[in-house]
Every structure is written in C-alpha cells, then in structure tokens.
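Subject: Structure handover

Hello,

Here is the structure for your files. My notes on salt bridges, cavities, surface and backbone follow below it.

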Amino acid sequence: MKRPKLKKASKRMTCHKRYKIQKKVREHHRKLRREAKKRGHKKPRKDPGVPNSAPFKEALLREAELRKQQLEELKQQQKLDRQKEQEKKRKLETNPVGEPSDVEPVEELEQCKTKKAKLSKQHPKKLYCQELKKVIEASDVLLEVLDARDPLGCRCPQVEDAIVQSGHKKLVLVLNKSDLIPRENLESWLNYLKKELPTVVFKASTYLKDKGKITKMKKKAVPLKRKVCFGKECLLKLLGGFQETYGRAIHVGVIGFPNVGKSSIINSLKKERICNVGVSMGLTRNMQIVPLDKQITIIDSPSLIVSPLNSLTALALRSPASIETVKPMEAASAILSQADARQVVLHYTVPDYKNSLELFTKLAQRRGLHQKGGSPNVERAAKVLWSEWTGASLSYYCHPPTSWTLPPHFNESIVAGMKRGLNLEELEKSNAHSIEAIKGPRLAKSILFQSSGLTNGIIEEKDIPEELPRQRERKQEEGKDNEDIVSEEEIVDCEEADEKISDMPPIEEKREPPPPEESTAGESASSLNLDKMTQEDDAYDFSTDYV
C-alpha cells in the first residue's frame with residue numbers, strides 16, 4: 001500500500017515475501033554454479049611479465065613497446081584507408097552523371113548483388129551441381145579424394161564418366177585418412193586401385209594456423225600426430241609431372257563426397273588454413289581458387305550430392321544432409337547392420353546385443369544419456385554413434401573385392417591415357433615410404449565394415465528431386481537439431497536444456513496471470529521462477545495481510 005504523505009512507495013514487505021525472494025536467488029546462484037562447473041570454466045592466467053633476473057630485460061621491454069607502437073600505427077593506417085574508400089564510394093553515388101569509367105564499378109556492384117540474390121533463391125543442391133561443372137571445365141587435372149576406410153564407397157561413377165567425356169583431363173585418386181586403417185588393408189587397397197588410376201596415399205594435417213595469424217611455438221616442441229602430413233611430396237611431384245607434360249600452368253580441381261578431407265588436403269599443401277574445414281556438409285558452397293605456386297593452381301569444389309536411390313547406409317555415411325530424409329535411428333541401424341557386431345561390442349565396451357535398439361539403450365546408459373525421469377535417451381545415443389562413424393576419429397576398414405574388373409565407364413585406352421607421362425616406379429616408392437611412415441591402428445582395434453559398393457551421385461540439375469511438403473515441415477520443426485550431426489560432448493552439455501524446452505507449457509498459458517484465490521505460497525515457491533513470482537506479488541492485494 002502507498003502512504004498518502006510519502007511521494008515514493010514503501011519498500012517494506014512481509015517476511016514471507018522477503019524470504020521467498022532470498023530462496024529463489026539462492027537457487028538461481030546454485031544453478032549458475034552448477035552450469036559453470038559443467039563447462040569447466042577456468043580463470044585466465046595473469047601474465048607475470050618479464051622477471052627482474054632475466055637477462056636483457058630492458059631490451060625485451062623496448063622491443064615490446066616498439067611492437068605495440070607498430071600495431072597502433074598499422075591500425076591507424078587501415079582506418080585511414082577505409083575512410084578513403086568510403087569517400088570514393090560516396091562520390092560515385094552522388095555523381096551518377098560522369099565518365100563511363102567512374103560508373104562501371106557501381107554497375108558491377110549492382111550486378112553482383114542481383115546475382116547473389118538469384119543464387120540465394122535457388123536450390124542449394126542445384127548450386128552445388130553448377131559449381132561442380134565449373135570446376136570440371138576449368139581443371140586440367142582432377143583429384144578425387146577417397147576416404148581410406150571405404151574407398152569404393154567414396155567413388156562416384158557419374159562424376160568419373162563426366163571427366164572422361166569432357167576431354168583430355170587427368171584423374172588421380174587420393175587415399176586420405178590413411179592413418180585410420182591397418183597397414184595391411186592400406187596396401188591391399190593401393191594394389192587394387194592403382195590398376196585403374198594413379199593413386200596417392202595421403203594423410204592430411206588437421207592442426208594448421210589460420211592465414212595471417214602468428215602463433216608462438218616452443219623450441220623443443222614435439223609435433224603432434226595430427227600436425228604431421230604424409231604424402232605431400234608424392235602428390236606435389238605427381239602434379240609437377242603433369243605440369244611438365246602440359247608445358248604450361250595447370251589448374252587442379254579437388255572433388256569428392258562430404259567429409260572425405262578435400263579442404264584439409266588443400267590446407268596441407270598450402271601449409272596454412274585457407275579453406276574452411278568441418279564435419280557438417282555445405283561449408284564449401286562455391287569454387288575457391290588457391291594458388292599453390294606460379295605453375296599450379298588448386299580449385300576447391302563443393303561436395304558431391306548423393307543420389308537418394310542409394311542404399312540407406314550410403315546415404316547415412318556419404319551425405320550428412322541425408323538427415324532431411326533419414327532419421328538418426330534408421331541411419332545408425334543401417335550402419336550397424338554392415339559392421340562386425342563383435343568388434344562393435346569391444347569398441348563401445350557394452351554387452352552383447354540382439355538388435356540395434358538394444359545397443360542404443362546400453363550405449364545411452366554407459367555414456368550417461370538419460371531423459372527426464374531416468375530412462376535412457378535412445379535417439380541421442382543413435383546420434384552419437386552416427387556422428388562417430390561420419391567423423392574423422394573412428395577406425396574401421398573394408399576389404400577390397402577379390403576379383404578386379406574395369407568399371408563400365410572405363411576401358412584400357414582410357415586407363416593407359418590417364419597413366420601416360422608418369423613415372424609409376426617413383427610413385428610406388430613414394431607411396432611405400434608414406435605407408436611405412438604412417439602409424440595406423442592394429443586389426444584388433446579396428447572395426448570390420450562391409451562396403452556397399454560405388455555410390456551414385458547427381459551431376460545434372462534436372463535429376464535433383466524436389467522436396468516434399470512433409471520434409472519442409474519437418475525441417476522447420478526440427479531446426480538446428482537435424483541440420484548437423486552433433487558431437488558427443490555437445491549432446492551431454494545440451495541434454496538438460498533440450499528437455500526443459502520440450503517440457504515448457506505453451507506461450508498463451510504463460511501470459512495469463514493466475515487467479516489470486518488459487519495461487520498459494522507453496523505452489524509459487526515450487527513452480528514459478530523469480531520474474532513470474534514478482535509479477536504475481538505485484539498483482540496481489542497486500543491489504544489482506546493486515547486484516
């Protein structure tokens with residue numbers, strides 16, 4: 001109640017209300033501490049500076065001050081350059097009637113904007129097909145990147161046929177992720193693939209510095225396993241041989257299905273992180289030109305599109321975008337159906353299972369993936385398994401076919417033309433050296449997988465199936481949960497938040513204030529949060545407390 005003699009309302013309140021607010025504040029702080037403990041947030045260490053006992057302390061401090069001044073001068077210069085560019089743009093906009101040379105840049109900018117608007121309205125898969133055609137036409141040599149864990153499943157006969165039909169272009173197979181399969185299996189796959197096309201054993205480095213970023217390295221630092229790149233010299237020699245046969249500067253296109261390591265190979269050859277790298281499909285949307293040296297230019301391309309006519313296993317492994325049409329439970333079950341059950345049990349350290357649902361239940365219990373009420377979250381476990389099989393850490397392998405036959409889109413003359421002008425003996429020695437240097441896992445620690453054969457892809461825009469209205473509705477409902485395959489850590493961290501969001505009541509019910517007769521102190525203290533509690537107390541008639 002407001003007192004008539006005072007200008008402001010009194011801040012006095014009942015003890016019941018004050019204690020209730022204090023209790024809610026304590027619960028809120030406890031929740032924040034629990035979340036911070038899960039994240040493992042650590043305080044940043046304070047820079048101790050240069051100790052007094054260090055030699056040449058004054059010189060080091062002087063160098064640091066000079067470096068700081070240079071950075072400030074560089075920032076000022078960049079600021080002035082930006083201001084000059086903005087002034088030029090303003091002059092061009094204010095002076096439309098002038099020389100044609102002044103108007104051309106503005107027209108080009110408008111054309112670029114209209115092109116971008118048109119491209120954004122098009123189907124993304126059609127854009128990938130257009131960019132892939134551009135890469136094939138502009139390239140003299142094409143590198144088809146294969147995942148060494150399933151090389152046959154990463155080959156696309158439609159793309160290889162298009163390269164053969166396009167003219168005198170060279171095609172080379174690159175076996176990436178060679179460190180994830182046993183050495184004996186890698187040698188057998190190399191002997192099988194080199195009968196058709198020149199094959200290079202490669203292992204890309206994943207830890208690379210960004211372009212223009214300076215990183216401090218220790219003098220006696222031991223290189224990590226993922227920092228080392230194998231097969232780089234062999235691939236560069238092969239490309240140099242192609243350049244000599246052509247007698248001019250060449251363009252090298254890199255093609256392949258998603259998550260085979262196309263951009264990682266380019267970054268390894270360039271020794272810096274120029275192309276975006278990630279698990280999710282669609283990071284590389286347009287062709288990206290990367291000059292390797294004066295004679296060789298590499299062209300990065302978007303991933304190949306998997307045809308929906310393939311098997312469910314091929315859709316699950318070769319296309320992360322298959323989440324639009326395939327559910328995580330179905331995709332993970334299809335993968336398990338072609339994997340050795342005994343080795344799966346040993347890898348995930350779970351008891352024997354009769355079907356995939358039983359495995360997901362046991363995996364959820366072991367990984368701590370539970371729903372509200374304590375029941376195992378089977379769908380989360382399926383997503384975890386799916387993300388591991390499509391990622392770059394799980395070790396599994398396939399046996400090559402026992403008998404070798406030429407595919408229908410190749411013949412002996414085409415195979416001989418692809419190998420013409422190459423020093424095959426030197427290529428074999430380089431591959432043998434790479435195989436010896438790569439430390440792959442043992443057969444006992446890898447999972448045997450049965451390959452589903454060649455994967456059909458889509459090149460022509462007319463072959464892309466249109467999305468059904470049901471698929472569009474499901475995309476909008478699922479949102480970010482079904483755009484990418486989440487990692488295990490993200491699943492565990494976001495589990496509680498997803499359950500809270502799914503259990504929240506509709507928005508209309510929240511906006512309606514509860515009647516004062518039904519609201520009691522016990523219900524408000526257990527079900528309402530602090531903001532809603534204060535709204536309820538403001539609507540409460542305090543005159544009843546004094547009666």
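A search of the whole structure turns up 13 salt bridges. The cut-off is a side-chain nitrogen of Lys or Arg within 4 Å of a carboxyl oxygen of Asp or Glu. This is a predicted model, so local features need pLDDT of at least 70 and side-chain atom pairs count only at pLDDT 80 or more, while totals for chains, interfaces and linings use all residues. Residues are numbered from 1 along each chain as its sequence is written, and side-chain values use heavy atoms, with hydrogens and water left out.

Salt bridges

Aspartate 140 and arginine 248 meet through their side chains at 3.2 Å, N to O. Aspartate 140 sits in the loop between helix H4 (124-138) and strand E1 (141-147), and arginine 248 in the loop between helix H7 (232-246) and strand E4 (250-255), so the pair ties together parts 108 residues apart in sequence. Helices (H or I, at least four residues) and strands (E, at least two) are DSSP runs, numbered from the N terminus. Aspartate 140 is buried at 12% relative accessible area. Arginine 248 is partly exposed at 39%. Buried means under 20% relative accessible area, exposed over 50%, and partly exposed in between (1.4 Å probe, protein chains only).

Arginine 318 pairs with aspartate 150, with the closest N and O atoms 3.1 Å apart. Arginine 318 is in helix H9 and aspartate 150 in the loop between E1 and helix H5 (157-166), so this bridge ties together parts 168 residues apart in sequence. Both residues are buried.

Arginine 155 bridges to glutamate 160, the closest N and O atoms being 2.9 Å apart. Arginine 155 is buried at 3% relative accessible area. Glutamate 160 is buried too, at 1%. A network of salt bridges links Asp147, Arg149 and Lys177.

Cavities

How many cavities of 30 Å³ or more does a search of the whole structure find? Three. A cavity is a set of points on a 1 Å grid over the protein atoms alone where a 1.4 Å probe fits but cannot get out; lining residues have an atom within 4 Å of a point.

Surface

Val50, Phe56, Leu60 and Leu61 make a nonpolar surface patch of about 380 Å². Such a patch joins nonpolar side chains (Val, Leu, Ile, Met, Phe, Trp, Tyr) within 5 Å, from residues with over 30% relative accessible area and no salt bridge. Areas come from the Shrake-Rupley method with a 1.4 Å probe. Valine 50 is in the loop between helix H1 (15-39) and helix H2 (57-94). Valine 50 is partly exposed at 31%.

Backbone

Lysine 271 is not a glycine, yet has a positive phi of about 65°. Lysine 271 lies in the loop between helix H8 (262-270) and strand E5 (288-291).

Best wishes

Technical notes:
Patches are made of residues with over 30% relative accessible area and no salt bridge: like charges are joined within 9 Å, nonpolar side chains (Val, Leu, Ile, Met, Phe, Trp, Tyr) within 5 Å. On a 1 Å grid over the protein atoms alone, a cavity is a set of points where a 1.4 Å probe fits but cannot get out, and a pocket is an open set with protein on both sides within 12 Å along at least five of seven lines; lining residues have an atom within 4 Å of a point. Grid points are joined across faces, edges and corners, and a volume is the space filled by probe spheres set on the points.
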